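This report describes selected features of a predicted model.

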Amino acid sequence: MITALTLAPVLAALVILAVPEKRVRVVALAGSLISLGLMVYMLMHLDLDAKGVQFKEKIAWIPGLGIDYFVGLDGVNALVLLLATLLAPLVVLASWKQEERSRTYFVLLCIQFTGLFGTFTALNFFHWFLYWELALVPAFFLIKIFGSGEDRHRAALNFFLFTVVGSVAMLLGFLFLYQQTGTFDFVELARKGVNAHPLIFCAVLAGLWVKVPLAPLHIWQAPAYAAAPAPVAMLLTGVMSKMGVYGFLRLVVPIFDKQLQHYAGTLMTLALVTILWGAFLALRQTDLKRMLAFSSLNHVAYCVLGVGALGIAVDGMKIDAHELARQGVILQMFAHGLAAAGLFYLVGLLETRTGSSGLGDFGGLSAVTPKFAAAFYLLTFCSLGLPFMAGFAAEFLIFSGSFAVAPTVTVAATVGLLATAVFLLTMLQKVFTGPTPERHNNMADLSPSEGLIVIPLLFLLFFAGISPVTWLFWSSVLN
Amino acid sequence: MDYQLIFNALLPDLIVVVSLFVALGVDYGCMRQAGIRDRANKALQICSLGLIGGLVVLVLQLNGTLSLDYSELLDATHGQLMLSPSTLALKWLLFALGLAVLPLAARHMVTVQVSEYFALLLLATLGMGFMVTSRNLLGAFVALEVVSLSLYALCALHQTSRASAEAALKYLTYGGVSSAFLLFGISYLFGVTGELDISQGLLMKEALIRAPMLVTVAYLFILVGLGFKIAVAPFHLWAPDVYQSAPTPVAAWVASGSKIAGVVLLLALLKPVSMPSGNTAIIPMLAILAVVSMAVGNLGALRQINIKRLLAYSAIANAGYLLVAILAFTEEGRAAAVYYAVVYAVATLGAFAVVAVLSDRLGREAQIDDFRGCWKARPWLSLALLIFVLSLAGIPPLAGFVGKFYLFFAAIQSHSQIGHWSEGLYWLVALALGFSVVALYYYLKVLKAVFVSEETCKLDKDSIGWSSGAVILILSVITVGLGVWPGPLIEFIGQFLI
């Protein structure tokens, strides 16, 4: 089942190579909808009493090296896989107007989906790494071929090389782990527990560090997000940045629990630095896409703050701070994935309509395009963490969890929240209020087909904000 | 001596030899007046038939239909013919790759010596077959010389090109010197053991205890000699020129076939000393060669603008990775080296094949920039090139990724406990991984030219012919297949590679 979910997009990619050019979108959409359908089916048929991994598939793959093909669904990956499968069809819909080299475009997009789904379901290091790297190649070409701006070549190359450097460090770490434990199986590794050298922990951390990203290895991020075409930026910020956080939850928390305890303070400090750095850099940006990129940097770092809190002991507390933080991290991945994807989509629309994305190029758009403005406002408020929206619920959980164990860092991180509010509100003010420049007077409002992409996102964000329990059901029940 | 046995054992080679002479005879006898195209096609048909016949007999030998008494054969020939499942499979692979080179050679004839071209290709293939099956120092040397001499001549076949002649001369001089080194090393080994047959390895162990210094010197010379053949830095100076200026199919054959054969021979020669007590002096030598090769290959490739030269530097870098696996001195390491050599050979042969069919009629050496915008005119060939180049770069899910993974895996596994970073091969693997990131840069440069540029491609738009097309298709299917499903081959190598 999970294999089918993972491979459906890549099969669609093969079909795309065969069908006429005008049908390619439909095939890509069908592939991603099959994945979504399978995901929903699996969530409905989970066995809630069972412990451990469900929908397991375990086949000896390379017996000579002790490598199994092992996939499964559990509390850690259920919600983030749902996010990925939800965003995939929306990304295809968002790229519906891609005319130029559309065959190449959709093939790359489908391969990327497979890479992402595979990363979220793999439970053996070998093919987890395989998908992890596989997701990079199409992203590189998507930015490079279809991106905008002269800077895109550099951005794509930096993005690729930075991530690969991190990945090879991680590979080195896992080869070492295998040498000590004799297995690549995540579940097995977590059970055995490892007693690795700090350098090994650092090597594994490096891979995730670049991917999340955390400061100071984030410098590839803003150029890549700014250069990528809007649907690809949706995918990069919505799903790909979650790969890193998911990696923390899947690898660092269960396998390196001792090391995490030891370095939790450092990790939280790094997360804090990233939160503040991201927020203050976002304040200074004059380009909407870059601003959103730094906002994304800042929001994803909250997740890492939560992960760090998991490493600090909670003896003698009345609340289960670890559980709060963990649920918060999982919900934050979901909430940020949806909100950031929506914002990048809207900024992309703005850019295609006006040809510019500078903060100073707009003004008073709420009068011209009320629906567009409403959607933009709502998504921004979710990013801000306004109550009744998913962002609030998630950040609340993370902060209450981490405050219980590390009050100083958490208080310092709230400064980041404030700065986030400042730059996001400034953005809204500059783009949507004030006098409308002459040239934007007849800008088109959000069309129904565009609404088709934004409305599900908003619906889910409200749903998850009002009733987070529904969405945290799997992560709380299955563990 | 049982001649029936030897006849059975050598039947594949005999068939190839016969086809070689038939090809020469037909070309000289009845085709003198025909055009070059017809002569090339005829020679291609005859030689392909010969190789296919050889492949069929090899399969019969492999599955036991043509039963052979391996141990008796080994004794009777003093180790010159070690036909085990692993060596037979390697020989099969080399014949199959040789078969893949022939249509590329036929597609664009650079010389009027049509049948000689094919005869020399077959001769090189035969020599490689003997290289992998021989466990006799002298036998292996003769086989290596057969390969080398054929390749020297093949390099010079581009008659109108001065560069081709220059490259061939370079290849000949460097190769001759390296052969001398190799022979010198072999003579030392013979001197200390009194035995040319290295299949047993017992004498070597005694010799190591008796005269360790002499064995070390012998291996130093052997490493220099074989290092030339598989393009290990600092003995790589011939490689870029030869790869660039030789006819592309020949360069492909130098890069793939002779690399596999050379690595297998190196493994066979090192096997007697691959034990903890025996390799103390050899490990640092090999480690230095590995580091220098990876550095020279990867850094040198960064600045190349000629695609074949770039592949040459990539070959040097890959020789360095191979040495990392060889350095493990474990069964696992040997298996990983063979696996890597095979996937490397397939991918590099594929890359050369695409370059050959696209640019051989360009009239000059193909630059990377010549491939700009290639995806528009030749989408399928571009896709194949993408697969081969990404496999060389080690990107999943292609064979090169599994190859690299296995190689580094084996290198780290070779030491049971690693306490410090400088112990074991940990530092070497870290370095190799670092260099493989550097390598991404130049591989991506090629792909960028092919896929990203919007220009119209100036390259050959002729049909590539079904045989070349089939070769490229099969090689790309193998590259993907060995990446997605490497289990069986790894099992096979692990099981039979002794």
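Helices here are DSSP runs (H or I) of at least four residues, numbered from the N terminus. The model is predicted.

## Cis peptide bonds in chain A

The bond between A:Val212 and A:Pro213 is a cis peptide bond, with omega about -15°.

A:Pro216 is found in the loop between helix 9 and helix 10 of chain A as well. As background, most peptide bonds are trans.

## Positive phi values

Most residues other than glycine have a negative phi. A:Phe388, which is not a glycine, has a positive phi near 70°. A:Phe388 sits in the loop between helix 16 (370-384) and helix 17 (390-405) of chain A. A:Phe388 has 12 other C-beta atoms within 10 Å and is therefore exposed, since the exposed class takes in residues with 12 or fewer.

In chain B, B:Ala231 has a phi of about 60°, again positive in a residue that is not a glycine. B:Ala231 belongs to the loop between helix 9 and helix 10 (238-245) of chain B. B:Ala231 counts as buried because it has 29 C-beta neighbours inside 10 Å, and 20 or more are enough for that class.

## Helix 9 and helix 13 of chain B

In chain B, helix 9 (residues 212-229) and helix 13 (residues 282-302) have axes that come within 10 Å and cross at roughly 20°. The two helices of chain B are therefore roughly parallel, as angles under 35 degrees fall in that class. The crossing of helix 9 of chain B past helix 13 of chain B is right-handed.

Helix 9 of chain B contributes B:Thr216, B:Tyr219, B:Leu220, B:Leu223 and B:Gly227 to the contact, and helix 13 of chain B contributes B:Ile282, B:Met285 and B:Leu289. Six of the residues in this contact are nonpolar, two are polar and none is charged.

## The side of chain B that touches chain A

Between the chains, 26 residues of chain B are in contact with 23 residues of chain A. On the chain B side, helix 18 (399-413), helix 19 (426-451) and helix 21 (487-496) each supply at least two residues. Helix 19 of chain B gives the largest share, nine residues. The chain B side consists of 20 nonpolar, four polar and two charged residues.

Helix 19 of chain B has 26 residues and reaches 37 Å from first C-alpha to last, close to the expected 38 Å. Helix 19 of chain B is mostly covered, with 19 of its 26 residues buried.

Terms used: Residues numbered from 1 in each chain as written. Chains lettered and ligands numbered in written order. Predicted model: local features only at pLDDT ≥ 70, side-chain atom pairs only at ≥ 80, totals over all residues. Axes fitted to C-alpha atoms, helices over the stretch in contact; angles between N-to-C directions. Parallel < 35°, antiparallel > 145°, perpendicular 65-115°, else oblique. Left-handed = near helix turned anticlockwise from the far one by under 90°. Contact = placed C-beta atoms within 7 Å. Nonpolar A, V, L, I, M, F, W, Y, C, P; charged D, E, K, R; others polar. Expected span 1.5 Å × (residues − 1).
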